[in-house]
Amino acid sequence: MKGAAARCAAAGSAVRSNRHVRLTVRPLILLVLAVLLALPMLVAAPVAHARPDFPGWDPADVTLNAAWRRAQLSQDGTAGGQGSGTPSEPTGPRSLSRGDTGSDVVALQLALCDLGFMPYDPSRGSCGDQSDGVFGVMTRDAVYAVQKLHWLRRDGIFGPATRAALAGMSPITWPEFCDARASTVWCVDQQRQLAWVRDWDGRVRVHHTSTGGRYYYESRTNPGTIAFAATPVGRWRIYGAQAARHETEWGELEYTSCPSWWCLHPYESVPVYAASHGCVRRPMYLGAWGFSIARVGTYVDIVNQAP
């Protein structure tokens, strides 16, 4: 009897030991199974990439991607730095943008001037005198004008597409869709947000502009009155002009030439899209020059030229 009792006790101890082993191993087995099940999802999960620190970067835009890569060039000239794995840029002229300097910027400025774009302040002298090799606001605005004229992305970067467009151009002429009479000295295409001007020397100049943004706003001079920001289409005679800075419904303005309730005038902000309350904006450095051309009695033609 004692022997049987001992065997039963030993068997019970073995059962308890096996149960302890099973209880200890089971969590490990479950953990391994969980890892194996999750592994395919971890492998397939997309890797999140930080947005490149470059204004206007767009994954779908080849020109901007190229400009972004150029902005990442290390001092040794390899894209993305040594060992980054980023392919090198093709050999060719560099893209130019705000802040760049050099002889290639001088060449760009002179080419823009020759064709009729305006990377300079006419009140300060000729284009040649102001072609300083610094890609500043005036050069960027002239590049905007090239891009608007050719329906390119309006990023202000002189990249491959803009370079090709400029290389194939002849000097600017008066557009066929604008009124051809000599008294029409200004033509504004609201589709392109671009203005053609008959200069004093007989040449046609073109600059980037911003017209009515087509939004509703409350009048400052008549509170409670809602107005619609739009520049009216048609050929308009300029009936009033004022050079001195003066208060208007839209703030203080100067060098204003007014065909109606709306005016042509320089402004601190001239975005690449329609944004004004209805006036035709031009860059500040073209203020006095534009005023000298848009005289009382001359005409401005506002068109919506289709692409």
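R140 is located in helix α5, where helices are DSSP runs of H or I with at least four residues, strands are DSSP runs of E with at least two, and both are numbered from the N terminus. Leaving aside residues up to four places away in sequence, R140 touches R98, F135 and G156, contact being defined as heavy atoms within 4.5 Å. The C-alpha atoms of R140 and P119 are 7.6 Å apart, while the two residues are separated by 21 positions in sequence.

The model is predicted, so that local features need pLDDT of at least 70 and side-chain atom pairs count only at pLDDT 80 or more, whereas totals for chains, interfaces and linings use all residues. Residues are numbered from 1 along each chain as its sequence is written, and side-chain values use heavy atoms, with hydrogens and water left out.

Helix α5, residues 137–149, packs with helix α3, residues 103–115, at an angle of about 55°, and their axes are 11 Å apart. These axes are lines fitted to C-alpha atoms over the stretch in contact, and the angles run from 0 to 180 degrees between N-to-C directions. The angle makes α3 oblique to α5; angles under 35 degrees count as roughly parallel, over 145 as roughly antiparallel, 65 to 115 as roughly perpendicular, and the rest as oblique. From α3, the residues L108, Q109 and L112 make the contact, and from α5 the residues T139, A142, V143 and V146. By class, the residues of this contact comprise 5 nonpolar, 2 polar and no charged. In that scheme Ala, Val, Leu, Ile, Met, Phe, Trp, Tyr, Cys and Pro are nonpolar, Asp, Glu, Lys and Arg are charged, and the others, Gly among them, are polar.

Helix α3 also holds S103. With a relative accessible area of 64%, S103 is exposed, on a scale where buried means under 20%, exposed over 50%, and partly exposed in between (1.4 Å probe, protein chains only). S103 and S131 are 28 residues apart in sequence, and their C-alpha atoms are 9.9 Å apart in space.

Most residues other than glycine have a negative phi. Q193, in the loop between β1 (184–189) and β2 (194–198), has a positive phi near 55°. Q193 counts as buried, at 3% relative accessibility. R214, in the loop between β3 (204–208) and β4 (216–218), likewise has a positive phi, of about 60°, without being a glycine. R214 counts as exposed, at 58% relative accessibility.

V270 belongs to the loop between β11 (264–267) and β12 (280–283). A relative accessible area of 14% makes V270 buried. Apart from residues up to four places away in sequence, V270 touches H208, T209, S210, R281, R282 and P283. Of these, P283 is 13 residues from V270 in sequence, with 6.2 Å between their C-alpha atoms.

Turning to the whole protein, the model has 7 helices and 13 strands. Of its 307 residues, 41% are buried. Among contacts between residues at least 6 apart in sequence, 54% join residues at least 24 apart. The protein exposes about 16900 Å², of which carbon and sulfur atoms supply 59%; this area comes from the Shrake-Rupley method with a 1.4 Å probe.
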